[in-house]
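Here is a short tour of the model you have open.

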Amino acid sequence: MVLVGIIMGSTSDWDTMRHAAETLEALGVAYETRVVSAHRTPQRLYDYATTAADRGLKVIIAGAGGAAHLPGMAAAMTHLPVLGVPVESHALKGMDSLLSIVQMPGGVPVGTLAIGKAGAINAGLLAASILALSDPALSERLQAWRAAQTAGVVENPE
């Protein structure tokens, strides 16, 4: 069963958002990916966000660059947690995206992560953490992933 939806404003965002997908894959979490532009395909966004819960999704990860309205608009149309990933833009290196996503008005939350690859990876991990609250097997996989990450850190720089 698909539990996480990964949406992005354009195909060029996949270079960033694929890291969320790869993280979920490594943890055995089923996901789907869609290009859903808040500006160019508003009806597609509306249909996606308003039917997400009924289709079984539990979390939405939304990546967007520039004006970055996708995460906020999705959050306005669903009760599911929406995790926003600012995609690095050419003009302002993703600061525009970050500020657009993080400045949601009170009452319409978007969990905003770091700009770019790190944000996408962390969105995958945060989505898995949310799901792990009610999935003991996923919780164990997530703990094992974190333990492996810790074990991979060397003590000496040489």
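## Around S37

A polar atom in the side chain of S37 lies 2.8 Å from the backbone nitrogen of R40. Such a pair is a polar contact: N or O atoms within 3.5 Å, where within protein one must be able to donate a hydrogen and the other to accept it, and residues adjacent in sequence count only if both atoms are side-chain atoms. Please keep in mind that this is a predicted model, in which local features need pLDDT of at least 70 and side-chain atom pairs count only at pLDDT 80 or more, while totals for chains, interfaces and linings use all residues. Side-chain values use heavy atoms, with hydrogens and water left out, and residues are numbered from 1 along each chain as its sequence is written.

S37 sits in the loop between β2 and α2 (42-51); helices (H or I, at least four residues) and strands (E, at least two) are DSSP runs, numbered from the N terminus. Its relative accessibility is 5%, so S37 counts as buried (under 20% relative accessible area; exposed is over 50%, partly exposed in between, with a 1.4 Å probe and protein chains only). Beyond its neighbours within four places in sequence, S37 is in contact with M8, G9, P42 and L45, contact meaning heavy atoms within 4.5 Å.

S89 belongs to the loop between β4 and α4 (95-102). Is S89 buried or exposed? With a relative accessible area of 13%, S89 is buried. Its side chain reaches the backbone nitrogen of G94 at 3.2 Å.

Five strands make an open sheet with parallel pairing, in the order β2-β1-β3-β4-β5; two strands pair if DSSP finds at least two bridges between them. β2 (31-35) and β5 (111-112) are the edge strands with a single partner each, so one side of each has no neighbour in the sheet. β5 pairs with β4 (residues 82-87) in the parallel sense over 2 bridges, and L83 stands opposite G111 of β5.

Helix α5 (residues 117-132) lies across β1 (4-8), β3 (59-65) and β4, running at about 175° to β4. That angle is between N-to-C directions, on a scale from 0 to 180 degrees, with axes fitted to C-alpha atoms, for helices over the stretch in contact.

T23 is part of helix α1 (residues 14-26) and is buried, at 8% relative accessibility. Setting aside neighbours within four places in sequence, T23 is in contact with I121, G124 and L125.
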